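Q: Please take a close look at one part of this model. I am interested in a charged side chain and what surrounds it.

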Amino acid sequence: MKKIQTLLSAMVILMAISSCTKLDVPVESQYVKENFPTTNADYAALFGTMYSNLSSRYAIDYWRMQELSTDEAIIPARDGNFDDGGQYRQLHYHTWTIDHPNVRSIWEWGFGGINNCNRLIVLTNASPATDASKASSIAEVRAMRALYYFFMMETYGNVPIISQFPVNELPATQPRAKVFEFIESELKAVTQQLPAKSTAAATNIQQYGRPTKGMAFALLAKMYLNAGVYTGTTRYNDVVAMADSVQKNPTYTLDARFRDIFLPNNGPAINETIFAVPYDQQIPGNQFTRFGFFPALAPSYGFSVGLSIAMSTTPEFYNRFNLTNDVRKNTWLVGPQFIPDGNGGFTSQPANYPGTTRQIVLTPNLVLITTKPMDVGNTEASQAMGVRSIKYYPDVNTIQATRLNSNDVPVFRLADVYLMKAEAILRGATATTVGGVLQTPDFLVNRLRVRANATPLASNITLDELLDERARELSWEGWRRNDLIRYGLFEREYPLPNDNLTMNKDVTRRLFPVPISEIRLNSKLVQNPGY
(Lines give C-alpha, C1' and ligand atoms only; values in the text may rest on other atoms or scores of the structure.)
Protein backbone atom coordinates (compact mmCIF):
# COMPACT_ATOMS: atom_id res chain seq x y z
CA MET A 1 0.00 0.00 0.00
CA LYS A 2 0.94 3.62 -0.40
CA LYS A 3 1.28 3.98 3.35
CA ILE A 4 4.34 1.76 3.60
CA GLN A 5 7.67 1.28 2.01
CA THR A 6 9.40 4.34 1.00
CA LEU A 7 11.54 1.34 0.08
CA LEU A 8 9.60 0.87 -3.10
CA SER A 9 9.80 4.33 -4.61
CA ALA A 10 13.57 4.79 -4.50
CA MET A 11 14.34 1.60 -6.34
CA VAL A 12 13.75 2.58 -9.91
CA ILE A 13 17.07 4.43 -10.00
CA LEU A 14 18.97 1.20 -9.48
CA MET A 15 20.12 -1.19 -12.15
CA ALA A 16 17.67 -3.29 -14.10
CA ILE A 17 17.65 -6.88 -12.97
CA SER A 18 18.38 -9.53 -15.57
CA SER A 19 17.81 -13.26 -15.46
CA CYS A 20 20.47 -15.89 -14.97
CA THR A 21 21.53 -16.10 -18.58
CA LYS A 22 24.03 -13.38 -19.46
CA LEU A 23 26.72 -14.54 -17.10
CA ASP A 24 29.82 -14.04 -19.19
CA VAL A 25 29.83 -10.23 -19.29
CA PRO A 26 32.51 -8.22 -17.44
CA VAL A 27 31.59 -7.46 -13.85
CA GLU A 28 31.01 -3.76 -13.36
CA SER A 29 29.66 -1.79 -10.44
CA GLN A 30 27.67 1.40 -10.17
CA TYR A 31 29.26 1.93 -6.75
CA VAL A 32 32.60 3.58 -5.98
CA LYS A 33 34.03 4.79 -2.70
CA GLU A 34 32.24 8.13 -2.97
CA ASN A 35 28.74 6.74 -3.45
CA PHE A 36 28.91 3.35 -1.72
CA PRO A 37 25.84 2.97 0.51
CA THR A 38 26.62 3.67 4.16
CA THR A 39 23.54 4.91 6.03
CA ASN A 40 20.41 3.03 7.04
CA ALA A 41 18.48 5.10 4.52
CA ASP A 42 20.92 4.06 1.78
CA TYR A 43 20.34 0.41 2.56
CA ALA A 44 16.58 0.82 2.87
CA ALA A 45 16.55 2.16 -0.67
CA LEU A 46 18.95 -0.52 -1.87
CA PHE A 47 16.94 -3.37 -0.36
CA GLY A 48 13.79 -2.04 -1.95
CA THR A 49 14.84 -3.60 -5.25
CA MET A 50 13.84 -6.99 -3.80
CA TYR A 51 10.31 -5.74 -3.30
CA SER A 52 9.86 -3.61 -6.40
CA ASN A 53 10.88 -6.59 -8.53
CA LEU A 54 8.49 -8.84 -6.61
CA SER A 55 5.51 -6.55 -7.21
CA SER A 56 6.33 -6.10 -10.89
CA ARG A 57 5.15 -9.55 -11.97
CA TYR A 58 3.53 -11.26 -8.99
CA ALA A 59 -0.07 -10.17 -9.52
CA ILE A 60 0.00 -10.44 -13.33
CA ASP A 61 2.26 -12.97 -15.04
CA TYR A 62 2.91 -15.22 -12.04
CA TRP A 63 -0.75 -15.09 -11.00
CA ARG A 64 -1.86 -15.99 -14.52
CA MET A 65 0.32 -19.09 -14.60
CA GLN A 66 -1.11 -20.27 -11.27
CA GLU A 67 -4.76 -19.44 -11.98
CA LEU A 68 -5.48 -19.42 -15.72
CA SER A 69 -4.12 -22.98 -15.89
CA THR A 70 -6.96 -24.04 -13.55
CA ASP A 71 -10.73 -23.73 -13.30
CA GLU A 72 -10.43 -20.65 -11.10
CA ALA A 73 -9.84 -18.02 -13.79
CA ILE A 74 -10.32 -17.79 -17.53
CA ILE A 75 -9.76 -15.16 -20.22
CA PRO A 76 -11.95 -16.10 -23.19
CA ALA A 77 -11.64 -14.20 -26.43
CA ARG A 78 -14.42 -11.82 -27.43
CA ASP A 79 -14.76 -12.10 -31.21
CA GLY A 80 -10.97 -12.33 -31.45
CA ASN A 81 -10.31 -9.56 -28.94
CA PHE A 82 -8.22 -10.47 -25.89
CA ASP A 83 -6.86 -13.57 -27.59
CA ASP A 84 -3.32 -12.12 -27.58
CA GLY A 85 -1.82 -14.81 -29.75
CA GLY A 86 -3.61 -17.60 -27.93
CA GLN A 87 -1.52 -17.32 -24.76
CA TYR A 88 -4.53 -17.43 -22.39
CA ARG A 89 -6.23 -20.41 -24.01
CA GLN A 90 -2.87 -22.20 -24.02
CA LEU A 91 -2.86 -21.85 -20.25
CA HIS A 92 -6.51 -22.97 -20.07
CA TYR A 93 -5.97 -26.08 -22.19
CA HIS A 94 -2.46 -26.88 -20.87
CA THR A 95 -0.96 -26.45 -24.33
CA TRP A 96 1.61 -23.77 -23.47
CA THR A 97 4.91 -23.91 -25.30
CA ILE A 98 8.57 -23.44 -24.46
CA ASP A 99 8.36 -19.85 -25.69
CA HIS A 100 5.09 -18.86 -23.99
CA PRO A 101 5.44 -15.21 -22.86
CA ASN A 102 4.61 -15.96 -19.21
CA VAL A 103 6.98 -18.94 -19.12
CA ARG A 104 9.79 -16.66 -20.22
CA SER A 105 8.89 -13.57 -18.18
CA ILE A 106 8.48 -15.39 -14.87
CA TRP A 107 11.77 -17.23 -15.24
CA GLU A 108 13.47 -13.90 -15.83
CA TRP A 109 11.52 -12.29 -12.96
CA GLY A 110 12.36 -15.04 -10.49
CA PHE A 111 16.03 -15.39 -11.27
CA GLY A 112 16.36 -11.66 -11.63
CA GLY A 113 15.11 -11.41 -8.06
CA ILE A 114 17.46 -14.18 -6.91
CA ASN A 115 20.50 -12.62 -8.55
CA ASN A 116 19.62 -9.26 -7.06
CA CYS A 117 19.38 -10.81 -3.59
CA ASN A 118 22.82 -12.35 -4.08
CA ARG A 119 24.14 -8.91 -5.08
CA LEU A 120 22.63 -7.34 -1.97
CA ILE A 121 24.31 -9.91 0.26
CA VAL A 122 27.69 -9.02 -1.25
CA LEU A 123 27.06 -5.30 -0.77
CA THR A 124 25.90 -5.81 2.80
CA ASN A 125 28.97 -7.85 3.69
CA ALA A 126 31.14 -5.05 2.26
CA SER A 127 29.36 -2.33 4.20
CA PRO A 128 30.73 -0.59 7.31
CA ALA A 129 27.66 -1.62 9.33
CA THR A 130 27.96 -3.48 12.62
CA ASP A 131 27.99 -7.25 12.61
CA ALA A 132 24.55 -7.32 14.22
CA SER A 133 23.13 -4.98 11.61
CA LYS A 134 24.67 -7.02 8.80
CA ALA A 135 23.26 -10.25 10.22
CA SER A 136 19.77 -8.76 10.39
CA SER A 137 19.96 -7.36 6.88
CA ILE A 138 21.32 -10.56 5.37
CA ALA A 139 18.58 -12.58 7.08
CA GLU A 140 16.00 -10.37 5.38
CA VAL A 141 17.64 -10.83 1.98
CA ARG A 142 18.02 -14.60 2.37
CA ALA A 143 14.37 -14.94 3.35
CA MET A 144 13.33 -13.02 0.24
CA ARG A 145 15.66 -15.12 -1.88
CA ALA A 146 14.01 -18.23 -0.42
CA LEU A 147 10.59 -16.87 -1.40
CA TYR A 148 11.75 -16.26 -4.96
CA TYR A 149 13.19 -19.77 -5.04
CA PHE A 150 9.90 -21.18 -3.82
CA PHE A 151 8.10 -19.52 -6.73
CA MET A 152 10.64 -20.99 -9.15
CA MET A 153 10.51 -24.47 -7.60
CA GLU A 154 6.72 -24.38 -7.58
CA THR A 155 6.48 -23.31 -11.21
CA TYR A 156 9.45 -24.97 -12.95
CA GLY A 157 10.50 -27.71 -10.53
CA ASN A 158 14.11 -28.46 -11.41
CA VAL A 159 16.03 -25.18 -11.48
CA PRO A 160 19.58 -23.95 -10.86
CA ILE A 161 20.67 -23.00 -7.36
CA ILE A 162 22.60 -19.72 -7.51
CA SER A 163 23.88 -18.30 -4.23
CA GLN A 164 26.85 -16.20 -5.35
CA PHE A 165 27.32 -12.86 -7.06
CA PRO A 166 28.84 -12.47 -9.55
CA VAL A 167 28.34 -15.92 -11.08
CA ASN A 168 31.59 -17.28 -12.44
CA GLU A 169 30.18 -20.13 -14.51
CA LEU A 170 26.90 -21.14 -16.06
CA PRO A 171 24.62 -22.73 -13.44
CA ALA A 172 23.35 -26.27 -13.96
CA THR A 173 19.84 -27.56 -13.33
CA GLN A 174 19.33 -29.10 -9.87
CA PRO A 175 16.66 -31.65 -8.90
CA ARG A 176 13.52 -30.24 -7.35
CA ALA A 177 14.18 -32.11 -4.09
CA LYS A 178 17.57 -30.43 -3.78
CA VAL A 179 16.03 -27.02 -4.39
CA PHE A 180 13.49 -27.84 -1.67
CA GLU A 181 16.31 -28.68 0.74
CA PHE A 182 18.10 -25.43 -0.11
CA ILE A 183 14.99 -23.31 0.57
CA GLU A 184 14.26 -25.18 3.78
CA SER A 185 17.81 -24.80 5.08
CA GLU A 186 17.86 -21.10 4.22
CA LEU A 187 14.62 -20.40 6.07
CA LYS A 188 15.69 -22.40 9.11
CA ALA A 189 19.02 -20.58 9.16
CA VAL A 190 17.51 -17.10 9.26
CA THR A 191 14.22 -17.52 11.12
CA GLN A 192 15.59 -16.57 14.54
CA GLN A 193 17.12 -13.41 13.10
CA LEU A 194 13.88 -12.29 11.45
CA PRO A 195 11.58 -10.01 13.45
CA ALA A 196 8.30 -11.24 14.88
CA LYS A 197 5.20 -9.30 13.91
CA SER A 198 4.91 -6.51 16.44
CA THR A 199 1.95 -5.27 18.42
CA ALA A 200 3.27 -1.72 18.03
CA ALA A 201 1.55 -0.05 15.07
CA ALA A 202 4.60 1.94 13.97
CA THR A 203 6.83 -1.13 14.04
CA ASN A 204 4.21 -3.21 12.24
CA ILE A 205 4.09 -0.64 9.43
CA GLN A 206 7.87 -0.85 9.04
CA GLN A 207 7.73 -4.66 8.94
CA TYR A 208 4.77 -4.91 6.59
CA GLY A 209 5.57 -6.44 3.22
CA ARG A 210 8.94 -7.66 4.53
CA PRO A 211 9.98 -11.08 5.85
CA THR A 212 9.11 -11.93 9.44
CA LYS A 213 9.23 -15.10 11.49
CA GLY A 214 5.58 -15.65 10.59
CA MET A 215 6.36 -15.42 6.88
CA ALA A 216 9.12 -18.03 7.21
CA PHE A 217 6.83 -20.37 9.18
CA ALA A 218 3.99 -19.97 6.67
CA LEU A 219 6.29 -20.59 3.71
CA LEU A 220 7.70 -23.70 5.38
CA ALA A 221 4.15 -24.91 6.09
CA LYS A 222 3.29 -24.48 2.41
CA MET A 223 6.43 -26.39 1.39
CA TYR A 224 5.79 -29.22 3.85
CA LEU A 225 2.15 -29.55 2.75
CA ASN A 226 3.40 -30.12 -0.80
CA ALA A 227 6.54 -32.05 0.13
CA GLY A 228 5.12 -35.23 -1.40
CA VAL A 229 4.92 -33.41 -4.74
CA TYR A 230 8.30 -31.69 -4.42
CA THR A 231 10.39 -34.48 -2.91
CA GLY A 232 8.35 -37.69 -2.85
CA THR A 233 8.23 -37.71 0.98
CA THR A 234 5.25 -36.33 2.91
CA ARG A 235 5.82 -34.01 5.91
CA TYR A 236 2.36 -33.48 7.39
CA ASN A 237 3.37 -33.27 11.05
CA ASP A 238 5.82 -30.55 10.05
CA VAL A 239 2.92 -28.61 8.52
CA VAL A 240 1.18 -28.68 11.89
CA ALA A 241 4.34 -27.59 13.68
CA MET A 242 4.80 -24.59 11.39
CA ALA A 243 1.11 -23.65 11.62
CA ASP A 244 1.39 -23.70 15.41
CA SER A 245 4.54 -21.57 15.22
CA VAL A 246 2.54 -18.91 13.36
CA GLN A 247 -0.25 -19.07 15.92
CA LYS A 248 2.13 -18.60 18.84
CA ASN A 249 2.25 -14.95 17.85
CA PRO A 250 -1.05 -13.52 19.17
CA THR A 251 -0.91 -10.55 16.79
CA TYR A 252 -2.13 -12.86 14.01
CA THR A 253 -5.91 -13.03 14.32
CA LEU A 254 -8.77 -13.41 11.86
CA ASP A 255 -10.22 -10.08 10.82
CA ALA A 256 -13.87 -9.71 11.70
CA ARG A 257 -14.98 -8.81 8.16
CA PHE A 258 -13.78 -10.91 5.23
CA ARG A 259 -14.11 -8.02 2.75
CA ASP A 260 -11.70 -5.81 4.72
CA ILE A 261 -8.76 -8.07 3.86
CA PHE A 262 -8.94 -7.04 0.20
CA LEU A 263 -10.21 -3.46 0.18
CA PRO A 264 -8.07 -0.65 -1.30
CA ASN A 265 -7.09 0.49 2.20
CA ASN A 266 -5.84 -2.91 3.28
CA GLY A 267 -2.31 -3.04 4.60
CA PRO A 268 -0.68 -3.24 8.03
CA ALA A 269 -4.07 -2.86 9.72
CA ILE A 270 -5.16 -6.31 8.50
CA ASN A 271 -4.53 -8.65 11.42
CA GLU A 272 -4.33 -11.94 9.55
CA THR A 273 -1.91 -10.88 6.83
CA ILE A 274 1.40 -12.67 7.28
CA PHE A 275 3.04 -11.45 4.07
CA ALA A 276 1.60 -9.35 1.27
CA VAL A 277 2.79 -7.63 -1.89
CA PRO A 278 2.01 -3.90 -1.58
CA TYR A 279 0.55 -1.98 -4.50
CA ASP A 280 -0.59 1.55 -5.26
CA GLN A 281 -0.90 3.79 -8.31
CA GLN A 282 2.88 4.20 -8.33
CA ILE A 283 3.51 0.44 -8.24
CA PRO A 284 2.21 -1.23 -11.43
CA GLY A 285 1.31 -4.87 -11.14
CA ASN A 286 -2.13 -5.25 -9.54
CA GLN A 287 -4.53 -4.99 -12.45
CA PHE A 288 -7.43 -7.25 -11.43
CA THR A 289 -10.05 -4.55 -12.01
CA ARG A 290 -8.55 -3.47 -15.31
CA PHE A 291 -8.50 -7.01 -16.73
CA GLY A 292 -11.61 -8.52 -15.18
CA PHE A 293 -14.21 -5.78 -14.82
CA PHE A 294 -17.26 -5.03 -16.95
CA PRO A 295 -16.92 -1.63 -18.68
CA ALA A 296 -20.64 -0.84 -18.60
CA LEU A 297 -20.42 -0.91 -14.80
CA ALA A 298 -17.66 1.71 -14.67
CA PRO A 299 -19.96 4.75 -14.25
CA SER A 300 -21.68 3.00 -11.34
CA TYR A 301 -18.30 2.77 -9.59
CA GLY A 302 -17.39 6.38 -10.34
CA PHE A 303 -14.75 6.02 -13.04
CA SER A 304 -14.71 6.45 -16.79
CA VAL A 305 -11.44 4.88 -17.93
CA GLY A 306 -11.42 2.00 -20.39
CA LEU A 307 -11.42 -1.43 -18.75
CA SER A 308 -11.38 -4.98 -20.01
CA ILE A 309 -14.34 -7.34 -20.26
CA ALA A 310 -12.18 -10.41 -20.52
CA MET A 311 -11.24 -12.17 -17.27
CA SER A 312 -13.79 -14.14 -15.26
CA THR A 313 -14.16 -17.53 -13.62
CA THR A 314 -15.62 -20.77 -14.90
CA PRO A 315 -19.19 -21.74 -13.99
CA GLU A 316 -17.82 -24.95 -12.49
CA PHE A 317 -15.64 -23.04 -10.04
CA TYR A 318 -18.30 -20.48 -9.12
CA ASN A 319 -20.73 -23.31 -8.24
CA ARG A 320 -18.57 -24.06 -5.19
CA PHE A 321 -19.87 -20.89 -3.57
CA ASN A 322 -23.01 -22.70 -2.44
CA LEU A 323 -23.10 -22.25 1.34
CA THR A 324 -26.07 -20.38 2.79
CA ASN A 325 -25.32 -16.73 3.71
CA ASP A 326 -21.62 -17.09 2.85
CA VAL A 327 -20.30 -13.52 2.48
CA ARG A 328 -17.42 -14.83 0.38
CA LYS A 329 -19.90 -15.26 -2.46
CA ASN A 330 -20.21 -11.46 -2.54
CA THR A 331 -16.71 -11.21 -3.97
CA TRP A 332 -18.17 -12.21 -7.34
CA LEU A 333 -20.27 -10.15 -9.74
CA VAL A 334 -23.09 -12.23 -11.24
CA GLY A 335 -26.78 -11.72 -11.92
CA PRO A 336 -28.48 -8.29 -11.65
CA GLN A 337 -25.99 -5.58 -10.74
CA PHE A 338 -26.38 -2.80 -8.18
CA ILE A 339 -24.62 0.46 -7.34
CA PRO A 340 -21.71 -0.20 -4.92
CA ASP A 341 -21.62 1.36 -1.47
CA GLY A 342 -17.86 2.06 -1.63
CA ASN A 343 -17.10 -0.21 1.32
CA GLY A 344 -17.07 -3.61 -0.30
CA GLY A 345 -20.84 -3.95 -0.56
CA PHE A 346 -23.78 -2.73 -2.63
CA THR A 347 -26.82 -0.53 -2.37
CA SER A 348 -30.30 -1.51 -3.52
CA GLN A 349 -30.13 0.86 -6.50
CA PRO A 350 -29.87 -1.00 -9.85
CA ALA A 351 -26.79 -0.47 -11.99
CA ASN A 352 -28.05 0.18 -15.51
CA TYR A 353 -26.38 0.23 -18.88
CA PRO A 354 -25.22 3.83 -19.42
CA GLY A 355 -27.96 6.04 -20.84
CA THR A 356 -30.67 3.42 -20.36
CA THR A 357 -33.02 2.06 -17.72
CA ARG A 358 -31.95 -1.53 -18.45
CA GLN A 359 -30.27 -3.17 -15.46
CA ILE A 360 -26.97 -4.89 -16.15
CA VAL A 361 -27.20 -8.66 -15.71
CA LEU A 362 -24.10 -10.85 -15.77
CA THR A 363 -24.60 -14.52 -16.59
CA PRO A 364 -22.36 -17.32 -15.27
CA ASN A 365 -22.20 -19.48 -18.39
CA LEU A 366 -19.49 -18.95 -20.99
CA VAL A 367 -21.08 -20.23 -24.19
CA LEU A 368 -18.44 -20.47 -26.91
CA ILE A 369 -19.03 -19.84 -30.58
CA THR A 370 -17.86 -22.66 -32.83
CA THR A 371 -15.97 -20.64 -35.42
CA LYS A 372 -13.16 -19.39 -33.18
CA PRO A 373 -11.20 -21.12 -30.41
CA MET A 374 -12.32 -20.32 -26.82
CA ASP A 375 -14.29 -17.32 -28.03
CA VAL A 376 -17.67 -16.18 -26.68
CA GLY A 377 -18.27 -13.43 -29.24
CA ASN A 378 -18.58 -9.71 -28.66
CA THR A 379 -22.30 -8.91 -28.61
CA GLU A 380 -23.82 -7.13 -25.63
CA ALA A 381 -25.11 -10.48 -24.36
CA SER A 382 -21.78 -12.26 -24.76
CA GLN A 383 -19.93 -9.39 -23.13
CA ALA A 384 -22.06 -10.03 -20.06
CA MET A 385 -21.06 -13.70 -19.98
CA GLY A 386 -18.82 -14.76 -17.13
CA VAL A 387 -18.74 -14.28 -13.37
CA ARG A 388 -16.35 -11.43 -12.55
CA SER A 389 -14.26 -11.25 -9.41
CA ILE A 390 -14.49 -8.14 -7.28
CA LYS A 391 -12.46 -9.58 -4.42
CA TYR A 392 -9.91 -6.78 -4.84
CA TYR A 393 -12.56 -4.07 -4.60
CA PRO A 394 -11.80 -1.18 -6.99
CA ASP A 395 -10.48 2.12 -5.72
CA VAL A 396 -12.09 4.99 -7.65
CA ASN A 397 -9.08 7.27 -7.26
CA THR A 398 -6.38 4.92 -8.50
CA ILE A 399 -8.48 3.25 -11.20
CA GLN A 400 -9.52 6.62 -12.57
CA ALA A 401 -5.92 7.84 -12.67
CA THR A 402 -3.97 4.76 -13.75
CA ARG A 403 -6.31 1.77 -14.26
CA LEU A 404 -4.31 0.04 -11.50
CA ASN A 405 -5.59 -1.35 -8.20
CA SER A 406 -4.12 -0.02 -4.96
CA ASN A 407 -5.15 -3.13 -3.03
CA ASP A 408 -2.27 -5.11 -1.57
CA VAL A 409 -2.24 -8.78 -2.58
CA PRO A 410 -1.82 -11.29 0.26
CA VAL A 411 0.64 -14.13 -0.26
CA PHE A 412 0.28 -15.77 3.16
CA ARG A 413 -2.49 -15.16 5.66
CA LEU A 414 -3.75 -16.86 8.81
CA ALA A 415 -6.82 -18.35 7.12
CA ASP A 416 -4.56 -20.32 4.78
CA VAL A 417 -2.50 -21.49 7.76
CA TYR A 418 -5.69 -22.85 9.36
CA LEU A 419 -6.64 -24.68 6.18
CA MET A 420 -3.14 -26.09 5.70
CA LYS A 421 -3.17 -27.43 9.25
CA ALA A 422 -6.63 -28.91 8.78
CA GLU A 423 -5.57 -30.69 5.61
CA ALA A 424 -2.36 -32.02 7.16
CA ILE A 425 -4.38 -33.53 10.01
CA LEU A 426 -6.85 -35.09 7.58
CA ARG A 427 -3.88 -36.59 5.75
CA GLY A 428 -2.51 -38.21 8.91
CA ALA A 429 -0.83 -35.60 11.11
CA THR A 430 -1.63 -35.38 14.81
CA ALA A 431 -4.00 -32.64 15.92
CA THR A 432 -2.54 -30.22 18.47
CA THR A 433 -3.91 -27.92 21.13
CA VAL A 434 -3.50 -24.16 20.76
CA GLY A 435 -4.79 -21.74 23.38
CA GLY A 436 -6.26 -24.62 25.36
CA VAL A 437 -8.38 -25.85 22.42
CA LEU A 438 -7.80 -29.01 20.40
CA GLN A 439 -7.65 -27.79 16.81
CA THR A 440 -9.38 -30.45 14.76
CA PRO A 441 -10.01 -29.94 11.03
CA ASP A 442 -13.67 -29.18 11.75
CA PHE A 443 -12.72 -26.60 14.40
CA LEU A 444 -10.30 -24.84 12.06
CA VAL A 445 -12.69 -24.75 9.10
CA ASN A 446 -15.59 -23.58 11.23
CA ARG A 447 -13.53 -20.62 12.45
CA LEU A 448 -13.50 -19.44 8.82
CA ARG A 449 -17.14 -20.29 8.24
CA VAL A 450 -18.22 -18.33 11.32
CA ARG A 451 -16.29 -15.32 10.05
CA ALA A 452 -17.93 -15.76 6.62
CA ASN A 453 -21.42 -16.14 8.19
CA ALA A 454 -21.63 -19.46 6.35
CA THR A 455 -23.33 -22.70 7.34
CA PRO A 456 -21.16 -24.60 9.90
CA LEU A 457 -20.06 -28.13 9.20
CA ALA A 458 -22.77 -30.71 9.90
CA SER A 459 -20.37 -33.69 9.85
CA ASN A 460 -16.65 -34.37 9.77
CA ILE A 461 -15.09 -32.60 6.82
CA THR A 462 -13.49 -34.69 4.07
CA LEU A 463 -10.44 -33.89 1.97
CA ASP A 464 -12.64 -33.13 -1.05
CA GLU A 465 -14.77 -30.78 1.02
CA LEU A 466 -11.66 -29.11 2.34
CA LEU A 467 -10.48 -28.44 -1.21
CA ASP A 468 -13.79 -26.72 -1.87
CA GLU A 469 -13.33 -24.70 1.32
CA ARG A 470 -9.91 -23.59 0.10
CA ALA A 471 -11.59 -22.50 -3.15
CA ARG A 472 -14.14 -20.41 -1.28
CA GLU A 473 -11.65 -18.83 1.10
CA LEU A 474 -8.62 -18.35 -1.16
CA SER A 475 -10.09 -17.72 -4.61
CA TRP A 476 -7.90 -15.58 -6.86
CA GLU A 477 -5.08 -15.53 -4.30
CA GLY A 478 -2.73 -17.58 -6.48
CA TRP A 479 -2.92 -21.04 -4.87
CA ARG A 480 -5.36 -23.00 -7.06
CA ARG A 481 -2.74 -24.69 -9.26
CA ASN A 482 -0.74 -25.62 -6.18
CA ASP A 483 -3.84 -27.15 -4.58
CA LEU A 484 -5.03 -29.10 -7.62
CA ILE A 485 -1.61 -30.63 -8.24
CA ARG A 486 -1.38 -31.76 -4.61
CA TYR A 487 -4.83 -33.33 -4.93
CA GLY A 488 -3.98 -34.98 -8.26
CA LEU A 489 -6.71 -32.98 -10.00
CA PHE A 490 -4.76 -30.56 -12.14
CA GLU A 491 -5.74 -32.46 -15.29
CA ARG A 492 -9.46 -32.43 -14.51
CA GLU A 493 -11.40 -31.03 -17.45
CA TYR A 494 -14.22 -28.51 -17.09
CA PRO A 495 -15.65 -28.13 -20.61
CA LEU A 496 -17.64 -25.11 -21.70
CA PRO A 497 -20.70 -25.24 -23.99
CA ASN A 498 -19.71 -25.61 -27.68
CA ASP A 499 -16.07 -26.18 -26.70
CA ASN A 500 -14.37 -27.98 -29.58
CA LEU A 501 -10.91 -28.02 -27.99
CA THR A 502 -9.68 -30.50 -25.38
CA MET A 503 -7.30 -30.19 -22.51
CA ASN A 504 -3.84 -31.70 -22.65
CA LYS A 505 -4.00 -34.07 -19.67
CA ASP A 506 -0.33 -35.03 -19.70
CA VAL A 507 0.87 -34.99 -16.06
CA THR A 508 4.20 -33.52 -17.18
CA ARG A 509 2.25 -30.27 -17.51
CA ARG A 510 2.33 -30.01 -13.73
CA LEU A 511 5.63 -28.26 -14.39
CA PHE A 512 6.13 -25.42 -16.81
CA PRO A 513 9.02 -25.72 -19.27
CA VAL A 514 12.37 -24.03 -18.99
CA PRO A 515 12.13 -21.18 -21.52
CA ILE A 516 13.83 -22.05 -24.78
CA SER A 517 15.57 -18.66 -24.70
CA GLU A 518 17.36 -19.70 -21.49
CA ILE A 519 18.40 -23.12 -22.80
CA ARG A 520 19.90 -21.54 -25.90
CA LEU A 521 22.05 -19.33 -23.67
CA ASN A 522 22.94 -21.98 -21.10
CA SER A 523 23.65 -25.53 -22.23
CA LYS A 524 23.73 -26.74 -18.61
CA LEU A 525 19.99 -26.23 -18.21
CA VAL A 526 17.93 -29.41 -18.62
CA GLN A 527 14.45 -29.18 -20.10
CA ASN A 528 11.60 -30.61 -18.03
CA PRO A 529 10.08 -33.90 -19.25
CA GLY A 530 7.38 -33.64 -21.90
CA TYR A 531 8.70 -30.52 -23.65
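The request and a connected answer follow.

Q: Where does Arg259 sit, and which residues does Arg259 touch?

A: This is a predicted model. Arg259 lies in the loop between helix 9 (236–247) and strand 3 (273–277). Arg259 is buried, yet it has no salt bridge. The nearest side chain of opposite charge belongs to Asp260, 7.7 Å away. A salt bridge needs a side-chain nitrogen of Lys or Arg within 4 Å of a carboxyl oxygen, so Asp260 is out of range.

There is a polar neighbour on the backbone. The oxygen of Gly344 lies 3.2 Å from a polar atom of the Arg259 side chain. Leaving out residues up to four places away in sequence, Arg259 touches Thr331, Gly344, Ile390, Lys391 and Tyr393.

Two of these contacts lead further. Strand 6 (residues 338–340) and strand 7 (residues 346–350) pair in the antiparallel sense, over two bridges. Phe338 has Pro350 of strand 7 as its bridge partner. The two strands form a hairpin with five residues between them. Gly342, in the turn, has a positive phi of about 80°.

Now Lys391. Unlike Arg259, which has no salt bridge, Lys391 meets Glu477 in one, at 2.8 Å from N to O. Glu477 is in the loop between helix 17 (463–474) and helix 18 (480–487), and Lys391 is in the loop between strand 9 (388–389) and helix 14 (396–402), so the pair ties together parts 86 residues apart in sequence. Glu477 and Lys391 are both buried. They also belong to a network of salt bridges. Its members include Glu272, Asp326, Arg328, Arg413 and Arg449. Arg451, Glu469, Arg472 and Glu473 are linked into the network too.

Back to helix 9, at one end of the Arg259 loop. Nine of its 12 residues are buried, so helix 9 is largely enclosed by the rest of the structure. Among the buried ones are Tyr236, Val239, Val240, Met242 and Ala243. The buried residues pack against helix 7 (213–225), strand 3, helix 15 (414–426) and strand 11 (433–434).

Notes
Residues are numbered from 1 along each chain as its sequence is written. This is a predicted model: local features need pLDDT of at least 70, side-chain atom pairs count only at pLDDT 80 or more; totals for chains, interfaces and linings use all residues. Side-chain values use heavy atoms; hydrogens and water are left out. Helices (H or I, at least four residues) and strands (E, at least two) are DSSP runs, numbered from the N terminus. Buried means under 20% relative accessible area, exposed over 50%, partly exposed in between (1.4 Å probe, protein chains only). Lys and Arg count as positive and Asp and Glu as negative; His and the chain ends are not counted. A polar contact is a pair of N or O atoms within 3.5 Å; within protein, one must be able to donate a hydrogen and the other to accept it, and residues adjacent in sequence count only if both atoms are side-chain atoms. Contact means heavy atoms within 4.5 Å. Two strands pair if DSSP finds at least two bridges between them.
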